[in-house]
Amino acid sequence: MEFTVAEVPEKGRFEARDESGAPAGVLTYQLTGPIVVYTHTEVDPAFERQGVGSALVRFAMDDARAKGRTVVPMCPFVSEWLDKHKEYESLVARNTRRVK
């Protein structure tokens with residue numbers, strides 16, 4: 001199954017939807033100037049283990065790169081995902097990497 005991810009800035013989040021448009025998950029963030037803090041990732045139980053969380057984080061990280069932002073991964077899922085995707089390491093604020 002494929003998922004579409006879009007930013008919803010007025011809600012401070014990215015939303016993933018399935019092919020029929022049903023909501024599949026969200027990644028929330030807080031933005032302060034060039035710093036974006038990814039605070040929480042939530043996937044609808046019906047879509048767990050189908051790549052929704054990864055799609056959300058990849059989209060969010062590509063968005064941060066395109067906008068020249070520094071990422072603070074407060075969300076444990078985002079932090080763990082980044083540990084496996086070193087190609088985004090240059091975007092991450094290292095001194096706050098493991099905030100819980």
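This is a predicted model: local features need pLDDT of at least 70, side-chain atom pairs count only at pLDDT 80 or more; totals for chains, interfaces and linings use all residues.

Reader: How far from Asp18 is the nearest side chain of opposite charge?

Author: Asp18 is buried and yet takes part in no salt bridge. A salt bridge would need a side-chain nitrogen of Lys or Arg within 4 Å of a carboxyl oxygen. Setting aside neighbours within four places in sequence, the contacts of Asp18 are Met1, Glu2, Phe3, Ala24 and Phe47. The nearest side chain of opposite charge is that of Arg17, at a distance of 7.3 Å.

Reader: Which residue in E3 stands opposite Arg17?

Author: Strands E2 and E3 run antiparallel and are joined by five bridges. Across this pairing, the residue of E3 that stands opposite Arg17 is Pro23.

Reader: Which strands stand at the edges of the sheet?

Author: The sheet is open and of mixed pairing, with five strands in the order E1-E2-E3-E4-E5. An edge strand has a single partner, so one of its sides is left without a neighbour in the sheet, and this applies to strand E1 (4–8) and strand E5 (70–73).

Reader: What angle does the direction of helix H1 make with that of E4?

Author: From one strand to the next the sheet twists by an average of 25 degrees. Helix H1 (residues 52–66) packs on this sheet and touches E1, E2, E3, strand E4 (35–43) and E5, and its direction makes with that of E4 an angle of about 165 degrees.

Note on methods: Residues are numbered from 1 along each chain as its sequence is written. Side-chain values use heavy atoms; hydrogens and water are left out. Buried means under 20% relative accessible area, exposed over 50%, partly exposed in between (1.4 Å probe, protein chains only). Lys and Arg count as positive and Asp and Glu as negative; His and the chain ends are not counted. Contact means heavy atoms within 4.5 Å. Two strands pair if DSSP finds at least two bridges between them. Helices (H or I, at least four residues) and strands (E, at least two) are DSSP runs, numbered from the N terminus. Axes are lines fitted to C-alpha atoms, for helices over the stretch in contact, and angles run from 0 to 180 degrees between N-to-C directions.
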